[in-house]
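Dear colleague,

Please find below the structure that I am handing over to you.

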Amino acid sequence: MSILHITLDEQASVDSNRFIQTFDSRSASCSSIEQSHEAQASQQPHSLIRNSTMSANQPGASDTRSTKPVSFVLYPVHDTQATARPCIVVLPGGGYHHLAEHEGAPIARWLNGLGIHAAVLHYHTQSDYTEQAESDVKETERNAVQAPTMETASDADSVSPTKTQAHLIESIEPNLLIEQVEAALQAVQQQRPEIGWKVLSDQIGLIGFSAGGHLAAMTATLGTIRPHLLMLAYPVITMSEPYTHQGSRQHLLGDSYRAEHICQYSPDCQVDERTPPTFIWSSADDASVPVQNSLSMASALTAAGIEHELHVFEQGRHGLGLAEGHPHCGAWTDLAASWLQRHGYVDETILAASASASASASASASASNKYTNAQVHIPAKSETLFPAIHIAGDSTAAIKGATEKPMSGWGEYLAGYMQPDIIIHNHAINGRSTRSFIAEGRLQYIADQLQAGDYLFIQFGHNDSKIEDPTRYADPEQDYPDFLQQYIDTARGKGAFPVLLTSVSRRLYLENGQLDPQALGAYPEAMRAVASKTGTPLVDLFQCSQQLYRELGEKESACLFMHLRAGAHPNYPDGISDNTHFSEQGAQRIARLAADAIRQHAQLQELAKLLLPERDPSTANSY
């Protein structure tokens, strides 16, 4: 069992405002900076007020858990007087799979700017449990080789590496996560004047993002040790269909949860009179965690008579963090600062200075754009220093509503590969072709929003082939190229950059077991010809997706598409077998293919600069 201790991290010599603290969630004792590791190891940890009470019927109930120490980083406010201040613990999101870095340190720095001490908690995620499972498997295999024994079938099952690994990877222990947060809430109360860390014990809050918001809300509603104030950013709240975030629920509860766990670990079902005042923000078009999560939490708070404030922005995307530069969601930090001031966490003079700085930055940005954009009409509400990406396409790229989930479009997940300041406007819509999209005025709608330097992604083909429907059919030899030319001309006429994307392939196999190279007929080749003729960059998603299906094989590639047995999901009570539309996993993989193709495309290197650094695909887009 690790003892709570504090050590300077690698950056401490140049950044005295950042310290790393590690502890066991069942311990709340602290050691001073000067203590040696040997002295720390000899101490006995104090027990938490709240001990683990996992029962056998709870998800993840087991004596086996990750042995990786829980840690958090302290961000004290620089203050020569070592004034006692409020403290807020930050819980990043990541779908309980990993921790999103942009929802950690940048949030702590923002809080510091408001005069609030901050601590970023690195709570356990699925990645920690997977690492532990792999370690356990290797250790078990070594022991089995070194000391083979005769055993019954039941004995063999009990020590099977495969079963040990499967159990640990299946789910996390929700109550242990709550205990980790409770331990952090206790630990931050220890005064450390030598680093300027003096905390007001009656002003300790929690802020959580996405799945971190779910953990924060669980602690605030289920915990024995609760925060005095709660802030939730685009939070996962419900574990119930159809509005739950599938990845978060899967990583937290696994597949073997009981019906009562759904309500037990849905904070909107657990709000009571002890739930602290709460600030919530989300966006109405969040394609990853539906806004109904925030609405449900606000409704529960209203019913319980708990003070709260809810902000729903018309446009945004999931995982924005501070949302700096976003024309809509960027306002959340000012709104939150005002709310914190009303609750006594922010001094009025600091709030005024922060508001003045924000206004000055906004005015400076407007001035810098005054002449750069002189030749293009830009609505004031859409002014931005960063280019936007507009997607024109069909259902394979479109945002799916809650009643369509888990069906997903790849355009929903592209934002996860872009820098946070990049805004993606996904105009793709189910069932449209190049012809019908124009006929319905959708291309003109995009044209009215396009600014110089923006990008227009153009992906059509699936519905252009529907010869039985004259409102959608576009002949691949004449009509289809002509319509594509209209999209290209519209973008260039606005000073924007068109990008052609061949349609993703259907999952169609021939009798010989090979993928059908004509799964979309002549349309991919027709688009390639238009790209060559017009000098327009081409991202060949058809070719990339076919290669992906080949690598996975016929059986494994099925998981990329909508294949559900009857009764498996309330949106599809009769089941579904669809080799055109993607599951969440499939949409994420296609979005990654698009990002990788952009990164490697010689004509799109300026766009590639807007991408986040390459990362492990298993961690992409998990919020």
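Buried residues account for 54% of the 623 residues in the protein chain. Please bear in mind that this is a predicted model. The protein chain contains 19 helices and 16 strands. Of the contacts between residues at least 6 apart in sequence, 76% join residues at least 24 apart.

The nonpolar cores

The largest nonpolar core comprises 46 residues, and Leu 91, Tyr 96, Leu 121 and Leu 215 are those with the most contacts inside it. A second, separate core has 39 residues, among them Phe 457, Val 539, Ala 594 and Leu 610.

Helix α2 covers residues 105-113, and its buried residues are Ile 107, Ala 108, Trp 110, Leu 111 and Asn 112. Which elements cover these buried residues of α2? The cover includes the strands β3 (70-75), β4 (85-91), β5 (117-122), β6 (199-209) and β7 (229-233), together with helix α11 (332-342). Just after α2, Gly 115 adopts a positive phi of about 85°.

A bent helix

Helix α17 runs over residues 541-556. Its end C-alpha atoms are only 19 Å apart, whereas a straight helix of 16 residues would span 22 Å at 1.5 Å a residue. Where does α17 bend? The bend is at Arg 550 and amounts to about 60°. The buried residues in α17 include Leu 541, Phe 542, Ser 545, Gln 546, Leu 548 and Tyr 549.

Backbone features

Most residues other than glycine have a negative phi, and most peptide bonds are trans.

Is Ser 210 buried or exposed? Because its relative accessible area is 1%, under the 20% limit, Ser 210 counts as buried.

Tyr 234 is a further residue other than glycine with a positive phi, here about 35°. Tyr 234 is located in the loop between β7 and α8. With a relative accessible area of 1%, Tyr 234 is buried.

One runs from Glu 241 to Pro 242, with omega near 0°, and Pro 242 belongs to the loop between β7 and α8 (246-253). Another joins Lys 405 and Pro 406, with omega of about 10°. Pro 406 is in the loop between β10 (388-393) and β11 (423-426).

Cavities

Rolling a probe the size of a water molecule over the atoms shows where empty space is left. A search of the whole structure gives two cavities of 30 Å³ or more. The largest cavity has a volume of about 40 Å³. Which residues line the largest cavity? They are Pro 242, Tyr 243, Thr 244, Gln 246, Ser 288, Pro 290, Lys 405 and Glu 584.

Ser 282 is part of strand β8 (residues 278-283). Ser 282 is buried, because its relative accessible area of 1% is under 20%. Setting aside its neighbours within four places in sequence, Ser 282 is in contact with Tyr 234, Val 291, Ser 294, His 311, Val 312 and Phe 313.

Arg 528 is in helix α16 (residues 523-534). Its relative accessibility is 23%, which lies between the limits of 20% and 50%, and therefore Arg 528 counts as partly exposed. Not counting residues up to four places away in sequence, Arg 528 touches Thr 502, Leu 538, Asp 540 and Phe 542. The C-alpha atoms of Arg 528 and Leu 500 are separated by 8.4 Å, while these two residues are 28 residues apart along the chain.

Gln 600 is in helix α18 (residues 584-600). Gln 600 is exposed, because its relative accessible area of 67% is over 50%. Between the C-alpha atoms of Gln 600 and Val 539 the separation is 10.0 Å, and along the chain they are 61 residues apart.

Methods:
Residues numbered from 1 in each chain as written. Predicted model: local features only at pLDDT ≥ 70, side-chain atom pairs only at ≥ 80, totals over all residues. Heavy atoms only, no water. Core = buried A, V, L, I, M, F, W, Y, C linked by side-chain atoms within 4.5 Å. Buried < 20%, exposed > 50% of the residue type's maximum accessible area, 1.4 Å probe, protein only. Helix = DSSP H or I, 4+ residues; strand = E, 2+ residues; numbered from the N terminus. Expected span 1.5 Å × (residues − 1). Bend = angle between axes of the 7 residues up to and from the residue. 1 Å grid on protein atoms, 1.4 Å probe; cavity = no way out; pocket = protein on both sides within 12 Å on 5 of 7 lines; lining within 4 Å. Points joined across faces, edges and corners; volume = space filled by probe spheres on them. Contact = heavy atoms within 4.5 Å.
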